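Please look at the sequence and the model first.

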Amino acid sequence: IAATQPSTNWHLKENARDHHTSKFSSKELIVRRGQAFIVTFNGTEQPEQNLTFIAETGPKPSKLAKTQATFGISSTVSKESWSAVLQSTSSNSVSISIYSPPNAVIGRYKLSVQSTSSDSSSPASLGTFVLLFNPWSSGDDVFMPNKAECEEYVLEEFGIIFAGNKNRISSFGWNFGQFQGDILNICLSMLDRSLNYRQDPATDLSHRNDPKYLGRVLSAMVNANDDQGVVLGNWSGNYTGGKSPSSWTGSGEILQNWKKSGFKPVRYGQCWVFAAVLTTVLRCLGIPTRTITNFSSAHDADGNLRVDEFYDASGNHLDRAADSVWNFHVWNESWFSRSDLGPSYSGWQVLDATPQEESGGIYQCGPASRNAIKEGDVDLDYDCPFVFAEVNADCMYWNYDPATGKKTLIFSKSTIIGQFISTKAVGRDDRVDVTNDYKYEEGSTKERDIFKKARKKLGLEDKFDPTAPTPQEIDQKPDISGKFKVAGPLEVGKDLNLILVLANLQSDAKTVHVNMTAWSTVYTRRPVHEIWKDSISVILSPKEEKQFPIKIPYPEYQQQLTTDNTIQVTALCHVEGGIQVLVQRDITLDNPAIDIQVLGEAKVNKEVDVEVIFTNPIDMELMDCVLQVEGNDLLRGILEIDVPPLKASEKSSTKFKVIPFETGPKHLLVNFSCDKFAAIKTFKMVNVID
């Protein structure tokens, strides 16, 4: 090999097209494993059969750890190992096709070439390239046979996340942005900052060919707990010192802030932020991934497949149990095979980066096979009991007397947890319900059998549980029934009107004392501020139903509301001579609407005007108004616009320009915040033409 450094042509455009990596905006070659790529280099004066190539990754490459490969030119590709096939030669350059095995370690590689004929020469570097997972290749653990699903779960940068509660599902857009500027480098540096890498870099690198390993490591790295990871969680309702979790519109800003700050955790996140960032990182690395929302999601802290909630005599929801039932919780599913468990457990795997419970001593969760969850195989790796409880736990509601410490069961329910499990449709902006992929039909014999099977595997069937209610307590029948009905709009800025409906189920009259409270909560149903309380006494004639209107005026709840716009209303009914009845409802109020209009046709490299219109719906002035806009291929970075204060009922119009730089369907995401409304979000699909 000549003393001069060889110059390399990486055929960036052709290789990127063949490897589905054209969306990365990189000057470096990015390819997928288990598939050939072409490289041309000059500066060699040896016959090509005398060339040896070296591909290596990590600080201490070794053949044993699968982080170094040495290979010559052969006549055909080997499917099992790194290999090179000659494409063409000219007087001073050689074109070769390099093939990496479908189980190669992913990451940044250095490629060098060496002459085998002269021992003295040291290898000449051809440069670096990045190797990713390949869902388009049938030999890869992440192989996904459906091409439309590959497009959605690996290449799509726009997502929709579902939120709200089971009575009123809402959704918002998210910019995953996995192909933006520096995101791939940030994802690779996340791997190099994990606890596993810090403890033993060589072993960590040798496992980077395995999606279940990387999924687990990254579920730990996305939260800040244990390892100074990306996002710091905060569920207090007070977000001073950071950004409120509901104000983010994409992962790019979060990942870039993490890097810019010298890898200090970004403040603040809640479940959908952790899930969205993990989606970005896994899609970027080539593992098909989506976000999943579970409504009425159980957080079973003590592993007994039961969540306990406590209320005092006044009907206040006491924040005294480690267990909780969240209005919704967002986690991830990633697609890969489970060679450790067997083929029936391959496919979608649950990963959860929200720091809820420790697993193996650190805050990480998964991968738990979705099929294992459905079949109650909770003894399989990883964290199946926790995920199983999230969608299946039984609910126990207790009355608790703080003075005596005595608790009395009010009632138990086995059909509340795990409803309307949702994800975005492939290729469309619609909701798809995947509840049946997590469990058999609620209330069916099969579903109860699976629940018993899971309890048995966890050893819960055999041992006495002193905290469990007695069969007598569970079998008690209430004398009355109650529910809260909504009687008017559920909107921030309007009075909240409800009706408490009480019905006597017996054929004799009942006297009932009702203690009612309303609290603002976080979406996890953690009470934050008391808003209202009242008590009434009622006599219900035999079989009588009575309605009691409740009105909570906007000024009474406005100051107390959290950014989640959630209120929990509770009525604890003390029936004379009978058991207590708990009536409760979680209410999520809608933000006012905001509208985006694209004024004219959106064409590549041509300015187009966009107008955002918002009308102040309340009779108070809105201050500190900020509009935040982002959209892949439409704007570089995030546009922040200060909007002047808005008087009562005043309409504001904000105009700005975008210059699209790619054709196709693109999404513009808007977030409007002010002192009275947190994070009013909307998105608009913009079709960009040539």
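Which residue in strand 3 does Thr8 stand opposite? Thr8 stands opposite Phe41.

## Basis of the model

The model is predicted: local features need pLDDT of at least 70, side-chain atom pairs count only at pLDDT 80 or more, and totals for chains, interfaces and linings use all residues. Residues are numbered from 1 along each chain as its sequence is written, and side-chain values use heavy atoms, with hydrogens and water left out.

## The open sheet

Strands (E, at least two residues) and helices (H or I, at least four) are DSSP runs numbered from the N terminus. Two strands pair if DSSP finds at least two bridges between them.

An open sheet with mixed pairing is formed by nine strands, in the order 1-3-7-6-5-4-8-9-2. Its edge strands, strand 1 (8-9) and strand 2 (29-32), each pair on one side only. Strand 1 pairs with strand 3 (residues 36-42) over two bridges, in the antiparallel sense.

## The largest cavity

A cavity is a set of points on a 1 Å grid over the protein atoms alone where a 1.4 Å probe fits but cannot get out; lining residues have an atom within 4 Å of a point. The whole structure holds four cavities of 30 Å³ or more, and the largest has about 70 Å³ of space, a volume being the space filled by probe spheres set on the points.

Among the residues lining the largest cavity are Glu152, Phe158, Arg283 and Lys424. Helix 2 (147-155), strand 10 (158-165), strand 14 (289-299) and strand 22 (419-424) give two or more residues each to this lining. Strand 10 supplies the largest share, three residues.

Methods. On a 1 Å grid over the protein atoms alone, a cavity is a set of points where a 1.4 Å probe fits but cannot get out, and a pocket is an open set with protein on both sides within 12 Å along at least five of seven lines; lining residues have an atom within 4 Å of a point.
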